[in-house]
Amino acid sequence: MASLGHDVVGIDRDSERIASLAAGRAPFFEPGLDRLLAEQLASDRLRFSADMSDAASAEVHFLAVGTPQGPGGAADLSHLESALDALRPALASGALVVGKSTVPVGTAARLAEIVAARGARLAWNPEFLREGHAIDDTLRPDRIVYGVVGEADAAVLDAVYAGVLSHGMPRIVTDLATAELVKTAANAFLATKISFINAMAEVAEASGADVARLAEAIGHDPRIGHRFLGAGVGFGGGCLPKDIRAFQARADELGVGEALAFLGEVDRINQRRRDRVVTLAAELLGGDVAGRRIAVLGLAFKPDSDDVRDSPALDIAVRLHAAGAHVRATDPHAIPAARRVQPELDYRDTLDEALSRAELVLLLTEWREYRLLDPAATRIRVSGLRLIDGRNALDAEAWRAAGWDYRALGRAFASRGIAAPAAVGALDV
Ligand code: UDX
(Lines give C-alpha, C1' and ligand atoms only; values in the text may rest on other atoms or scores of the structure.)
Protein backbone atom coordinates (compact mmCIF):
# COMPACT_ATOMS: atom_id res chain seq x y z
CA MET A 1 0.00 0.00 0.00
CA ALA A 2 2.86 2.37 0.79
CA SER A 3 4.51 1.53 -2.53
CA LEU A 4 1.24 2.49 -4.23
CA GLY A 5 1.64 5.96 -2.74
CA HIS A 6 -0.56 5.74 0.36
CA ASP A 7 0.35 6.80 3.89
CA VAL A 8 0.26 3.59 5.87
CA VAL A 9 0.45 2.62 9.50
CA GLY A 10 0.77 -1.11 10.19
CA ILE A 11 -0.63 -2.14 13.58
CA ASP A 12 -0.13 -5.35 15.53
CA ARG A 13 -0.51 -6.01 19.24
CA ASP A 14 2.76 -7.98 19.25
CA SER A 15 5.23 -5.23 20.08
CA GLU A 16 8.28 -7.39 19.26
CA ARG A 17 6.95 -7.88 15.77
CA ILE A 18 6.32 -4.16 15.46
CA ALA A 19 9.88 -3.36 16.60
CA SER A 20 11.31 -5.79 14.08
CA LEU A 21 9.21 -4.39 11.23
CA ALA A 22 10.11 -0.83 12.18
CA ALA A 23 13.76 -1.88 11.99
CA GLY A 24 13.15 -3.19 8.47
CA ARG A 25 13.01 -6.91 9.25
CA ALA A 26 10.03 -8.89 7.99
CA PRO A 27 8.93 -11.50 10.55
CA PHE A 28 9.02 -14.27 7.92
CA PHE A 29 10.88 -15.10 4.73
CA GLU A 30 9.24 -13.82 1.58
CA PRO A 31 11.31 -13.10 -1.54
CA GLY A 32 11.76 -9.35 -2.05
CA LEU A 33 9.89 -8.31 1.09
CA ASP A 34 12.86 -7.05 3.11
CA ARG A 35 13.96 -4.84 0.20
CA LEU A 36 10.47 -3.41 -0.35
CA LEU A 37 10.07 -2.86 3.38
CA ALA A 38 13.37 -0.94 3.56
CA GLU A 39 12.42 1.18 0.54
CA GLN A 40 9.04 2.11 1.94
CA LEU A 41 10.32 2.79 5.47
CA ALA A 42 12.83 5.16 3.90
CA SER A 43 10.04 6.89 1.95
CA ASP A 44 8.32 7.94 5.21
CA ARG A 45 4.99 6.66 3.90
CA LEU A 46 5.16 3.57 6.13
CA ARG A 47 5.39 3.21 9.87
CA PHE A 48 4.46 0.58 12.44
CA SER A 49 2.77 0.81 15.80
CA ALA A 50 1.41 -1.39 18.58
CA ASP A 51 -1.02 1.32 19.58
CA MET A 52 -4.42 1.23 17.90
CA SER A 53 -5.01 4.92 18.54
CA ASP A 54 -2.47 5.50 15.73
CA ALA A 55 -5.16 4.18 13.39
CA ALA A 56 -7.61 6.94 14.32
CA SER A 57 -6.77 9.25 11.44
CA ALA A 58 -7.02 6.58 8.75
CA GLU A 59 -9.79 6.72 6.15
CA VAL A 60 -9.47 3.03 5.29
CA HIS A 61 -8.67 0.23 7.75
CA PHE A 62 -7.59 -3.15 6.41
CA LEU A 63 -8.18 -6.09 8.74
CA ALA A 64 -5.67 -8.73 7.76
CA VAL A 65 -5.34 -11.00 10.78
CA GLY A 66 -5.22 -14.79 10.62
CA THR A 67 -8.24 -17.05 10.94
CA PRO A 68 -6.59 -20.33 11.98
CA GLN A 69 -8.27 -23.68 12.36
CA GLY A 70 -10.39 -23.87 15.50
CA PRO A 71 -12.05 -26.78 17.29
CA GLY A 72 -13.85 -29.20 14.96
CA GLY A 73 -12.24 -27.62 11.90
CA ALA A 74 -14.28 -24.40 12.05
CA ALA A 75 -12.41 -21.12 11.59
CA ASP A 76 -11.22 -19.46 14.79
CA LEU A 77 -12.33 -15.85 14.43
CA SER A 78 -11.01 -14.68 17.79
CA HIS A 79 -8.09 -12.67 16.31
CA LEU A 80 -10.42 -10.94 13.89
CA GLU A 81 -12.94 -10.15 16.61
CA SER A 82 -10.34 -8.82 19.02
CA ALA A 83 -8.71 -6.71 16.29
CA LEU A 84 -12.07 -5.16 15.48
CA ASP A 85 -12.79 -4.65 19.19
CA ALA A 86 -9.51 -2.80 19.56
CA LEU A 87 -10.12 -0.76 16.42
CA ARG A 88 -13.68 0.24 17.30
CA PRO A 89 -12.87 3.21 19.57
CA ALA A 90 -10.43 4.54 16.95
CA LEU A 91 -12.98 4.36 14.12
CA ALA A 92 -14.03 7.74 12.72
CA SER A 93 -17.51 8.19 11.36
CA GLY A 94 -17.45 7.58 7.60
CA ALA A 95 -14.31 5.42 7.69
CA LEU A 96 -14.22 2.21 5.66
CA VAL A 97 -13.16 -1.05 7.31
CA VAL A 98 -11.99 -3.59 4.74
CA GLY A 99 -11.78 -7.28 5.64
CA LYS A 100 -8.96 -9.25 4.00
CA SER A 101 -9.04 -12.33 6.23
CA THR A 102 -10.53 -15.59 4.97
CA VAL A 103 -13.78 -16.02 6.89
CA PRO A 104 -16.87 -18.23 6.94
CA VAL A 105 -19.58 -16.79 4.75
CA GLY A 106 -21.87 -14.57 6.84
CA THR A 107 -19.08 -13.15 9.03
CA ALA A 108 -18.85 -9.83 7.15
CA ALA A 109 -22.57 -9.08 7.52
CA ARG A 110 -22.23 -9.56 11.28
CA LEU A 111 -19.12 -7.37 11.51
CA ALA A 112 -20.78 -4.71 9.35
CA GLU A 113 -23.35 -4.13 12.11
CA ILE A 114 -20.63 -3.64 14.72
CA VAL A 115 -18.86 -1.14 12.48
CA ALA A 116 -22.12 0.65 11.61
CA ALA A 117 -22.65 1.40 15.31
CA ARG A 118 -19.65 3.78 15.00
CA GLY A 119 -20.99 5.38 11.82
CA ALA A 120 -18.38 3.52 9.75
CA ARG A 121 -18.88 1.02 6.89
CA LEU A 122 -17.50 -2.40 6.06
CA ALA A 123 -16.38 -4.02 2.81
CA TRP A 124 -14.83 -7.44 2.12
CA ASN A 125 -11.86 -7.65 -0.20
CA PRO A 126 -10.48 -11.21 -0.21
CA GLU A 127 -6.78 -11.86 -0.54
CA PHE A 128 -5.53 -14.34 -3.16
CA LEU A 129 -1.77 -14.00 -2.81
CA ARG A 130 0.45 -17.05 -2.78
CA GLU A 131 3.33 -17.28 -0.33
CA GLY A 132 6.61 -16.97 -2.19
CA HIS A 133 4.91 -14.67 -4.76
CA ALA A 134 3.28 -12.32 -2.28
CA ILE A 135 4.57 -9.03 -3.66
CA ASP A 136 3.74 -9.69 -7.29
CA ASP A 137 0.39 -11.22 -6.43
CA THR A 138 -0.46 -8.11 -4.40
CA LEU A 139 0.71 -5.48 -6.85
CA ARG A 140 -0.36 -7.40 -9.97
CA PRO A 141 -3.19 -9.71 -8.89
CA ASP A 142 -5.13 -11.64 -11.53
CA ARG A 143 -8.38 -10.16 -10.23
CA ILE A 144 -9.69 -7.86 -7.53
CA VAL A 145 -12.92 -8.66 -5.72
CA TYR A 146 -14.90 -6.20 -3.60
CA GLY A 147 -17.86 -7.19 -1.48
CA VAL A 148 -19.64 -3.94 -0.70
CA VAL A 149 -22.97 -2.67 0.52
CA GLY A 150 -22.95 0.44 -1.69
CA GLU A 151 -21.28 1.90 -4.78
CA ALA A 152 -19.60 4.60 -2.66
CA ASP A 153 -17.52 1.94 -0.90
CA ALA A 154 -16.44 0.50 -4.25
CA ALA A 155 -15.29 3.99 -5.24
CA VAL A 156 -13.14 4.24 -2.09
CA LEU A 157 -11.55 0.89 -2.90
CA ASP A 158 -10.98 1.99 -6.51
CA ALA A 159 -9.03 4.96 -5.19
CA VAL A 160 -7.01 2.69 -2.87
CA TYR A 161 -6.22 0.28 -5.71
CA ALA A 162 -5.80 2.87 -8.49
CA GLY A 163 -2.15 1.92 -8.98
CA VAL A 164 -3.05 -1.76 -9.24
CA LEU A 165 -6.18 -1.40 -11.38
CA SER A 166 -4.18 0.60 -13.91
CA HIS A 167 -2.70 -2.74 -15.03
CA GLY A 168 -6.18 -3.64 -16.29
CA MET A 169 -7.05 -6.81 -14.35
CA PRO A 170 -10.70 -7.79 -13.87
CA ARG A 171 -12.45 -6.08 -10.97
CA ILE A 172 -15.52 -7.82 -9.61
CA VAL A 173 -17.90 -5.88 -7.41
CA THR A 174 -20.40 -7.96 -5.48
CA ASP A 175 -22.16 -8.36 -2.15
CA LEU A 176 -20.41 -9.26 1.12
CA ALA A 177 -21.42 -12.93 1.15
CA THR A 178 -20.29 -13.60 -2.43
CA ALA A 179 -16.95 -11.91 -1.79
CA GLU A 180 -16.36 -14.10 1.27
CA LEU A 181 -17.34 -17.20 -0.69
CA VAL A 182 -15.12 -16.36 -3.67
CA LYS A 183 -12.09 -16.89 -1.49
CA THR A 184 -13.15 -20.17 0.11
CA ALA A 185 -14.45 -21.50 -3.20
CA ALA A 186 -11.16 -20.66 -4.95
CA ASN A 187 -9.10 -22.44 -2.30
CA ALA A 188 -11.48 -25.41 -2.26
CA PHE A 189 -11.14 -25.70 -6.04
CA LEU A 190 -7.33 -25.55 -5.92
CA ALA A 191 -7.20 -28.17 -3.16
CA THR A 192 -9.57 -30.37 -5.15
CA LYS A 193 -7.43 -30.06 -8.27
CA ILE A 194 -4.31 -31.16 -6.37
CA SER A 195 -6.15 -34.04 -4.70
CA PHE A 196 -7.62 -35.06 -8.04
CA ILE A 197 -4.17 -35.56 -9.52
CA ASN A 198 -2.98 -37.25 -6.33
CA ALA A 199 -5.94 -39.64 -6.57
CA MET A 200 -4.81 -40.37 -10.15
CA ALA A 201 -1.35 -40.98 -8.69
CA GLU A 202 -2.80 -43.72 -6.48
CA VAL A 203 -4.46 -45.32 -9.49
CA ALA A 204 -1.28 -44.94 -11.53
CA GLU A 205 0.74 -46.69 -8.83
CA ALA A 206 -1.70 -49.61 -8.84
CA SER A 207 -1.93 -49.87 -12.61
CA GLY A 208 1.59 -49.24 -13.86
CA ALA A 209 0.84 -45.79 -15.30
CA ASP A 210 2.77 -42.53 -14.98
CA VAL A 211 0.86 -39.67 -13.34
CA ALA A 212 3.27 -36.99 -14.53
CA ARG A 213 2.71 -37.97 -18.17
CA LEU A 214 -1.02 -38.21 -17.50
CA ALA A 215 -1.08 -34.69 -16.01
CA GLU A 216 0.87 -33.37 -18.97
CA ALA A 217 -1.60 -34.95 -21.39
CA ILE A 218 -4.85 -33.91 -19.70
CA GLY A 219 -3.48 -30.42 -19.01
CA HIS A 220 -3.31 -29.66 -22.72
CA ASP A 221 -7.08 -29.50 -22.68
CA PRO A 222 -7.56 -25.78 -21.99
CA ARG A 223 -10.63 -26.58 -19.91
CA ILE A 224 -8.34 -28.48 -17.53
CA GLY A 225 -5.00 -26.62 -17.82
CA HIS A 226 -1.60 -27.67 -16.50
CA ARG A 227 -1.42 -25.60 -13.36
CA PHE A 228 -1.95 -27.24 -9.97
CA LEU A 229 -1.66 -30.72 -11.45
CA GLY A 230 1.64 -31.44 -9.72
CA ALA A 231 1.27 -34.84 -8.04
CA GLY A 232 3.36 -35.47 -4.96
CA VAL A 233 3.12 -35.24 -1.19
CA GLY A 234 0.19 -32.87 -1.53
CA PHE A 235 -0.88 -29.52 -0.23
CA GLY A 236 -0.09 -27.94 3.11
CA GLY A 237 0.37 -24.44 4.47
CA GLY A 238 -1.71 -22.02 6.45
CA CYS A 239 -4.53 -21.78 3.89
CA LEU A 240 -5.66 -24.71 1.77
CA PRO A 241 -5.92 -27.39 4.51
CA LYS A 242 -7.66 -25.24 7.11
CA ASP A 243 -9.82 -23.45 4.56
CA ILE A 244 -11.38 -26.65 3.21
CA ARG A 245 -12.11 -27.79 6.77
CA ALA A 246 -13.62 -24.44 7.79
CA PHE A 247 -15.68 -24.41 4.58
CA GLN A 248 -17.17 -27.81 5.43
CA ALA A 249 -17.90 -26.71 9.00
CA ARG A 250 -19.71 -23.62 7.71
CA ALA A 251 -21.68 -25.62 5.13
CA ASP A 252 -22.80 -27.94 7.94
CA GLU A 253 -24.02 -24.95 9.94
CA LEU A 254 -25.91 -23.71 6.91
CA GLY A 255 -27.57 -27.11 6.51
CA VAL A 256 -25.79 -27.87 3.21
CA GLY A 257 -23.02 -30.10 4.56
CA GLU A 258 -23.69 -32.68 1.88
CA ALA A 259 -22.76 -30.20 -0.85
CA LEU A 260 -19.20 -30.04 0.49
CA ALA A 261 -18.85 -33.62 1.73
CA PHE A 262 -16.42 -34.21 -1.15
CA LEU A 263 -13.94 -31.85 0.54
CA GLY A 264 -13.55 -34.46 3.27
CA GLU A 265 -12.38 -36.86 0.56
CA VAL A 266 -10.06 -34.17 -0.85
CA ASP A 267 -8.49 -33.89 2.62
CA ARG A 268 -8.16 -37.67 3.01
CA ILE A 269 -6.53 -38.13 -0.40
CA ASN A 270 -4.09 -35.41 0.59
CA GLN A 271 -3.23 -37.07 3.91
CA ARG A 272 -2.83 -40.49 2.27
CA ARG A 273 0.06 -39.18 0.15
CA ARG A 274 2.01 -38.52 3.35
CA ASP A 275 1.25 -42.05 4.56
CA ARG A 276 2.44 -43.38 1.22
CA VAL A 277 5.86 -41.77 1.58
CA VAL A 278 6.27 -43.21 5.07
CA THR A 279 5.33 -46.69 3.82
CA LEU A 280 7.55 -46.39 0.76
CA ALA A 281 10.47 -45.32 2.93
CA ALA A 282 10.07 -48.47 5.02
CA GLU A 283 9.73 -50.60 1.88
CA LEU A 284 12.93 -49.20 0.42
CA LEU A 285 14.80 -49.86 3.65
CA GLY A 286 13.75 -53.49 3.82
CA GLY A 287 10.59 -53.14 5.92
CA ASP A 288 11.56 -50.93 8.85
CA VAL A 289 12.98 -47.44 9.20
CA ALA A 290 14.08 -47.86 12.83
CA GLY A 291 17.75 -47.10 13.26
CA ARG A 292 18.20 -46.16 9.60
CA ARG A 293 19.67 -42.85 8.40
CA ILE A 294 17.28 -40.73 6.35
CA ALA A 295 17.97 -37.32 4.82
CA VAL A 296 14.92 -35.08 4.44
CA LEU A 297 15.35 -32.25 1.93
CA GLY A 298 12.80 -29.54 2.53
CA LEU A 299 10.66 -28.62 5.54
CA ALA A 300 8.58 -25.67 4.30
CA PHE A 301 5.15 -26.47 2.86
CA LYS A 302 6.38 -25.11 -0.48
CA PRO A 303 9.55 -23.53 -1.86
CA ASP A 304 10.35 -19.83 -1.39
CA SER A 305 8.63 -19.79 1.98
CA ASP A 306 9.71 -20.55 5.55
CA ASP A 307 6.15 -21.48 6.50
CA VAL A 308 5.87 -24.95 8.06
CA ARG A 309 2.19 -24.82 8.98
CA ASP A 310 0.65 -28.17 8.07
CA SER A 311 3.71 -28.88 5.97
CA PRO A 312 3.70 -32.37 4.40
CA ALA A 313 7.53 -32.36 4.52
CA LEU A 314 7.76 -31.63 8.25
CA ASP A 315 4.94 -34.08 9.01
CA ILE A 316 6.71 -36.90 7.15
CA ALA A 317 10.06 -36.08 8.81
CA VAL A 318 8.42 -36.18 12.24
CA ARG A 319 6.64 -39.47 11.53
CA LEU A 320 9.86 -41.14 10.40
CA HIS A 321 11.66 -39.81 13.46
CA ALA A 322 8.85 -41.15 15.68
CA ALA A 323 9.26 -44.55 13.97
CA GLY A 324 12.89 -44.64 15.12
CA ALA A 325 14.69 -43.42 12.00
CA HIS A 326 17.74 -41.17 12.33
CA VAL A 327 16.31 -38.26 10.35
CA ARG A 328 18.52 -35.38 9.33
CA ALA A 329 16.37 -32.59 7.97
CA THR A 330 17.40 -29.50 6.08
CA ASP A 331 15.80 -26.53 4.35
CA PRO A 332 17.26 -23.29 2.99
CA HIS A 333 15.00 -21.08 5.12
CA ALA A 334 12.52 -23.04 7.26
CA ILE A 335 14.77 -24.62 9.92
CA PRO A 336 14.10 -21.94 12.59
CA ALA A 337 10.33 -22.19 12.08
CA ALA A 338 10.44 -26.00 12.08
CA ARG A 339 12.60 -26.08 15.21
CA ARG A 340 10.06 -23.94 17.08
CA VAL A 341 7.27 -26.49 16.53
CA GLN A 342 9.29 -29.73 16.36
CA PRO A 343 12.41 -29.21 18.48
CA GLU A 344 13.19 -32.93 18.66
CA LEU A 345 14.26 -33.32 15.02
CA ASP A 346 17.92 -33.28 13.99
CA TYR A 347 18.23 -30.19 11.79
CA ARG A 348 21.25 -29.61 9.56
CA ASP A 349 22.03 -26.23 8.06
CA THR A 350 23.73 -27.57 4.98
CA LEU A 351 22.69 -30.02 2.35
CA ASP A 352 26.05 -31.80 2.70
CA GLU A 353 25.49 -32.46 6.39
CA ALA A 354 21.95 -33.69 5.83
CA LEU A 355 23.02 -36.05 3.05
CA SER A 356 26.12 -37.32 4.79
CA ARG A 357 25.95 -41.15 5.09
CA ALA A 358 22.20 -41.20 4.42
CA GLU A 359 20.76 -44.57 3.44
CA LEU A 360 17.69 -42.94 1.95
CA VAL A 361 17.07 -39.42 0.64
CA LEU A 362 13.60 -37.84 0.61
CA LEU A 363 12.99 -34.73 -1.48
CA LEU A 364 9.85 -33.22 0.02
CA THR A 365 9.94 -29.49 -0.84
CA GLU A 366 11.13 -28.66 -4.33
CA TRP A 367 13.51 -25.77 -3.60
CA ARG A 368 15.47 -24.82 -6.68
CA GLU A 369 18.77 -25.99 -5.20
CA TYR A 370 17.31 -29.47 -4.65
CA ARG A 371 15.86 -29.64 -8.14
CA LEU A 372 19.32 -28.85 -9.48
CA LEU A 373 21.06 -31.60 -7.47
CA ASP A 374 23.44 -33.58 -9.58
CA PRO A 375 22.82 -37.33 -9.23
CA ALA A 376 26.49 -38.26 -9.71
CA ALA A 377 27.78 -35.67 -7.22
CA THR A 378 25.08 -36.63 -4.70
CA ARG A 379 26.12 -40.33 -4.89
CA ILE A 380 29.39 -39.74 -3.12
CA ARG A 381 27.79 -37.98 -0.15
CA VAL A 382 25.39 -40.77 0.86
CA SER A 383 25.81 -44.37 1.89
CA GLY A 384 22.74 -45.80 0.11
CA LEU A 385 21.54 -44.86 -3.37
CA ARG A 386 17.84 -44.67 -2.53
CA LEU A 387 15.72 -41.64 -3.26
CA ILE A 388 12.04 -40.75 -2.98
CA ASP A 389 11.13 -37.73 -5.06
CA GLY A 390 8.06 -36.54 -3.19
CA ARG A 391 7.44 -33.68 -5.62
CA ASN A 392 8.18 -35.26 -8.99
CA ALA A 393 10.79 -32.57 -9.29
CA LEU A 394 13.81 -34.50 -10.54
CA ASP A 395 14.77 -36.05 -13.85
CA ALA A 396 13.96 -39.69 -13.12
CA GLU A 397 16.02 -41.05 -15.99
CA ALA A 398 19.16 -39.13 -15.00
CA TRP A 399 18.95 -40.34 -11.40
CA ARG A 400 18.38 -43.94 -12.42
CA ALA A 401 21.18 -43.77 -14.94
CA ALA A 402 23.48 -42.64 -12.12
CA GLY A 403 22.61 -45.83 -10.23
CA TRP A 404 19.96 -44.53 -7.87
CA ASP A 405 16.93 -46.55 -6.84
CA TYR A 406 14.69 -43.60 -7.75
CA ARG A 407 11.06 -43.66 -6.61
CA ALA A 408 8.39 -41.08 -7.22
CA LEU A 409 4.76 -40.84 -6.25
CA GLY A 410 2.32 -41.93 -8.95
CA ARG A 411 4.97 -43.14 -11.33
CA ALA A 412 4.93 -46.90 -11.31
CA PHE A 413 7.88 -47.12 -13.71
CA ALA A 414 10.00 -45.78 -10.91
CA SER A 415 9.29 -48.74 -8.68
CA ARG A 416 9.35 -51.52 -11.27
CA GLY A 417 12.59 -51.02 -13.07
CA ILE A 418 10.87 -49.95 -16.29
CA ALA A 419 12.69 -47.31 -18.34
CA ALA A 420 11.58 -43.87 -17.25
CA PRO A 421 10.03 -41.54 -19.81
CA ALA A 422 11.80 -38.31 -20.63
CA ALA A 423 11.63 -35.63 -17.93
CA VAL A 424 8.29 -33.88 -17.94
CA GLY A 425 9.59 -30.55 -16.77
CA ALA A 426 8.96 -28.45 -13.74
CA LEU A 427 5.85 -28.50 -11.62
CA ASP A 428 3.75 -25.72 -13.06
CA VAL A 429 2.43 -23.99 -9.98
C1 UDX B 1 -2.94 -20.60 -1.48
C2 UDX B 1 -3.67 -20.05 -2.70
O3 UDX B 1 -2.97 -20.46 -3.89
C4 UDX B 1 -3.77 -18.55 -2.63
O5 UDX B 1 -4.52 -18.05 -3.73
C6 UDX B 1 -4.42 -18.14 -1.32
O7 UDX B 1 -4.44 -16.73 -1.18
C8 UDX B 1 -3.69 -18.76 -0.13
O9 UDX B 1 -3.59 -20.17 -0.30
P10 UDX B 1 -0.38 -20.78 -0.73
O11 UDX B 1 -0.89 -21.43 0.51
O12 UDX B 1 0.67 -19.73 -0.63
O13 UDX B 1 -1.61 -20.10 -1.53
O14 UDX B 1 0.23 -21.93 -1.63
P15 UDX B 1 -0.09 -22.62 -3.04
O16 UDX B 1 0.88 -22.15 -4.05
O17 UDX B 1 -1.53 -22.55 -3.37
O18 UDX B 1 0.29 -24.13 -2.69
C19 UDX B 1 -0.42 -24.83 -1.68
C20 UDX B 1 0.13 -26.21 -1.49
O21 UDX B 1 -0.20 -27.04 -2.61
C22 UDX B 1 1.64 -26.30 -1.32
O23 UDX B 1 1.93 -27.22 -0.29
C24 UDX B 1 2.12 -26.82 -2.66
O25 UDX B 1 3.32 -27.56 -2.55
C26 UDX B 1 0.96 -27.73 -3.05
N27 UDX B 1 0.83 -27.96 -4.50
C28 UDX B 1 0.62 -26.90 -5.34
C29 UDX B 1 0.88 -29.25 -5.00
O30 UDX B 1 1.04 -30.23 -4.24
N31 UDX B 1 0.74 -29.44 -6.34
C32 UDX B 1 0.54 -28.41 -7.21
O33 UDX B 1 0.42 -28.67 -8.41
C34 UDX B 1 0.48 -27.11 -6.69
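This is a predicted model: local features need pLDDT of at least 70, side-chain atom pairs count only at pLDDT 80 or more; totals for chains, interfaces and linings use all residues.

Student: Which residues come nearest to the ligand?

Tutor: There are 21 residues around the ligand. The ones that come nearest are Phe128, Leu129, Glu131, Gly230 and Lys302.

Student: And which side chain puts an N or O atom 2.8 Å from a ligand oxygen?

Tutor: Let's sort the polar pairs by where the protein atom sits. Glu131 has a polar backbone atom 2.7 Å from an oxygen of the ligand, and for Gly236 a polar backbone atom is 3.1 Å from a ligand oxygen. The side-chain atom at 2.8 Å belongs to Lys302.

Student: How much of the ligand's exposed area does the protein bury?

Tutor: Start from the ligand taken alone, which exposes 670 Å². Of that area, the protein buries 95%.

Student: Which helix gives the largest share of the shell around the ligand?

Tutor: By residue class, the shell divides into 11 nonpolar, four polar and six charged residues. Its largest share is four residues, and they come from helix 8 (residues 176–207).

Student: Moving to helix 6, why do its buried residues line one face?

Tutor: The buried residues of helix 6 (residues 151–160) are Asp153, Ala154, Leu157 and Val160. The face turned away from them carries the exposed Glu151, Ala152 and Ala159. Looking down the axis of helix 6, the buried residues line one face because they fall within an arc of 110°.

Student: What covers those buried residues of helix 6?

Tutor: Several strands are part of the cover, including strand 3 (60–63), strand 4 (96–99), strand 5 (121–124) and strand 6 (144–147). Further along, the cover also includes strand 7 (171–174) and helix 7 (162–165).

Student: Asp44 and Asn392 both have positive phi without being glycine. Is Asp44 buried or exposed?

Tutor: Asp44, with phi of about 70°, lies in the loop between helix 2 (33–43) and strand 2 (46–49). Exposed means over 50% relative accessible area. Asp44 is at 68%, so it counts as exposed.

Student: And Asn392, buried or exposed?

Tutor: Asn392 has phi near 45° and sits in the loop between strand 12 (386–389) and helix 17 (396–401). Among the residues it touches are Val211, Ala231 and Tyr406. With a relative accessible area of 7%, Asn392 is buried.

Student: Which residue has its backbone oxygen 3.1 Å from a polar side-chain atom of Asn392?

Tutor: Look among the residues that Asn392 touches, which include Ala408, Leu409 and Arg411. The backbone oxygen at 3.1 Å is that of Leu409.

Methods: Residues are numbered from 1 along each chain as its sequence is written. Side-chain values use heavy atoms; hydrogens and water are left out. A residue is near a molecule or strand if one of its heavy atoms lies within 4 Å of it. A polar contact is a pair of N or O atoms within 3.5 Å; within protein, one must be able to donate a hydrogen and the other to accept it, and residues adjacent in sequence count only if both atoms are side-chain atoms. Accessible areas come from the Shrake-Rupley method with a 1.4 Å probe; for residues, only the protein chains shown count as cover. Helices (H or I, at least four residues) and strands (E, at least two) are DSSP runs, numbered from the N terminus. Ala, Val, Leu, Ile, Met, Phe, Trp, Tyr, Cys and Pro count as nonpolar, Asp, Glu, Lys and Arg as charged, and the others, Gly among them, as polar. Buried means under 20% relative accessible area, exposed over 50%, partly exposed in between (1.4 Å probe, protein chains only). Contact means heavy atoms within 4.5 Å. The arc is that of the directions from the helix axis to the C-beta atoms. Lists of a residue's contacts leave out its neighbours within four places in sequence.
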